[in-house]
Amino acid sequence: MTGGGLFVTVEGVDGCGKSTQTARMARWLEGWSGRGVLRTFEPGGWAGGGLLRSLILGGDVPDDRTELLLFLADRSGHLASVVVPALSAGEIVLCERYSDSTLAYQVWGRGLPEAFAGPLIEVCGFVRPDLTVLLDVDVGTAERRLRGRGAADRIESAGAGFMARVAEGYRELARRSPERFVVVDASGSEDEVAALVEAAVRGRLEGAFD
Ligand code: TYD
């Protein structure tokens with residue numbers, strides 16, 4: 001438990017079904033826990049975040065280091081204005097994307113050195129999630145899902161090799177922190193994945209709200 005509340009992050013490659021599954025999780029988690037559930041996201045889930053989100057996803061970002069620093073600035077504002085106040089009020093915060101996205105996309109995907117990004121994230125002192133749900137799906141399936149959605153943003157357009165590296169990065173991060181991660185096979189139908197997520201998360205959080 002973090003500051004009285006519970007901080008849960010949801011991660012995965014673009015097209016893994018993150019938003020759909022997070023919405024479904026929020027519904028049963030509220031009833032089951034008896035707590036308030038705040039759904040939020042990065043990049044952009046705070047008052048100043050819209051500007052940063054459109055700059056990051058649509059703007060002219062000159063290099064990978066700038067991209068990384070913009071994600072960290074967004075996280076800092078999001079934590080201070082949304083996440084930490086909700087955790088302090090005892091709520092469950094359900095956040096789509098967080099620091100694992102930065103490592104998977106900017107280190108494994110873009111190729112920035114982990115020796116640069118890792119300590120930078122560390123020194124920011126961001127709140128550590130209590131639980132991270134990784135929706136693991138093969139890149140081909142994720143791409144098919146994305147195609148149905150219209151124009152790709154700047155990061156989604158980075159190509160299949162990029163997304164495969166991001167997916168591998170996520171798996172490595174999960175291997176390194178098994179106590180924090182729940183890895184769910186997200187290749188099935190929406191209902192199948194939702195059932196797997198619910199079973200895995202209930203298993204991990206059993207007794208947390210007694
Ligand atoms: P997201 O909002 O999940 O995309 P969408 O709304 O299109 O589903 O995330 C936007 C993109 O930002 C996504 O491609 C992942 C990327 N991202 C990073 O590269 N690093 C980060 O630290 C974060 C939070 C997101």
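Tutor: Let us begin with touching: contact means heavy atoms within 4.5 Å. The model is a predicted one, and in it Thr40 touches Gly45, His78, Val82, Val83, Val93, Leu94, Cys95 and Glu96, once residues up to four places away in sequence are set aside.

Student: Where does Thr40 lie, and why is Thr40 called buried?

Tutor: Thr40 lies in strand 2. Buried means under 20% relative accessible area, and Thr40 has a relative accessible area of 5%, so the residue is buried.

Student: What makes Glu42 buried, and where is Glu42 found?

Tutor: Glu42 is found in the loop between strand 2 (37-41) and helix 2 (49-58). Its relative accessibility is 5%, and therefore Glu42 counts as buried. Leaving out residues up to four places away in sequence, Glu42 touches Asp74, Arg75, His78, Cys95, Glu96, Arg97 and Tyr98.

Student: What kind of peptide bond joins Glu42 and Pro43?

Tutor: A cis peptide bond joins Glu42 to Pro43, with omega at about -5°. Pro43 has its place in the loop between strand 2 and helix 2.

Student: What is the phi of Arg97, and is Arg97 buried or exposed?

Tutor: Arg97 has a positive phi of about 75°, although the residue is not a glycine. As background, most residues other than glycine have a negative phi. The place of Arg97 is in the loop between strand 3 (92-96) and helix 4, and at 10% relative accessibility Arg97 counts as buried, because the cut-off is under 20%.

Student: Which residues lie nearest the centre of the largest pocket, and which classes make up its lining?

Tutor: The lining of the largest pocket has 32 residues, and Asp14, Lys18, Arg97, Arg149 and Glu156 lie nearest the centre. The elements that give two or more residues to this lining are helix 1 (18-33), helix 2, helix 3, helix 4 (99-109) and helix 8 (190-205). By class, the lining of the largest pocket divides into 10 nonpolar, 10 polar and 12 charged residues, and the volume of the largest pocket is about 610 Å³.

Student: What is the volume of the second largest pocket, and which element gives the most to its lining?

Tutor: The volume of the second largest pocket is about 430 Å³. Its lining has 18 residues, with Leu103, Ile121, Glu122, Arg128 and Arg180 nearest the centre. Helix 5 gives the most to this lining, with four residues, and the lining of the second largest pocket divides into eight nonpolar, four polar and six charged residues.

Student: Which residues touch the most other members of the largest nonpolar core?

Tutor: Among the 61 residues of the largest nonpolar core, Val13, Met25, Tyr105 and Leu135 touch the most other members. Helix 3 (residues 64-88) gives the most to this core, with eight residues. Setting aside residues up to four places away in sequence, Met25 touches Val8, Val10, Leu94, Val133, Val197 and Val201.

Student: Why is Val197 called buried?

Tutor: Val197 has a relative accessible area of 2%, and the cut-off is under 20%, so Val197 is buried. Val197 lies in helix 8 and, apart from neighbours within four places in sequence, is in contact with Gln21, Met25, Val133, Leu135 and Val184.

Terms used:
Residues are numbered from 1 along each chain as its sequence is written. This is a predicted model: local features need pLDDT of at least 70, side-chain atom pairs count only at pLDDT 80 or more; totals for chains, interfaces and linings use all residues. Side-chain values use heavy atoms; hydrogens and water are left out. Buried means under 20% relative accessible area, exposed over 50%, partly exposed in between (1.4 Å probe, protein chains only). A nonpolar core is a set of buried Ala, Val, Leu, Ile, Met, Phe, Trp, Tyr and Cys residues joined through side-chain atoms within 4.5 Å. On a 1 Å grid over the protein atoms alone, a cavity is a set of points where a 1.4 Å probe fits but cannot get out, and a pocket is an open set with protein on both sides within 12 Å along at least five of seven lines; lining residues have an atom within 4 Å of a point. Grid points are joined across faces, edges and corners, and a volume is the space filled by probe spheres set on the points. Ala, Val, Leu, Ile, Met, Phe, Trp, Tyr, Cys and Pro count as nonpolar, Asp, Glu, Lys and Arg as charged, and the others, Gly among them, as polar.
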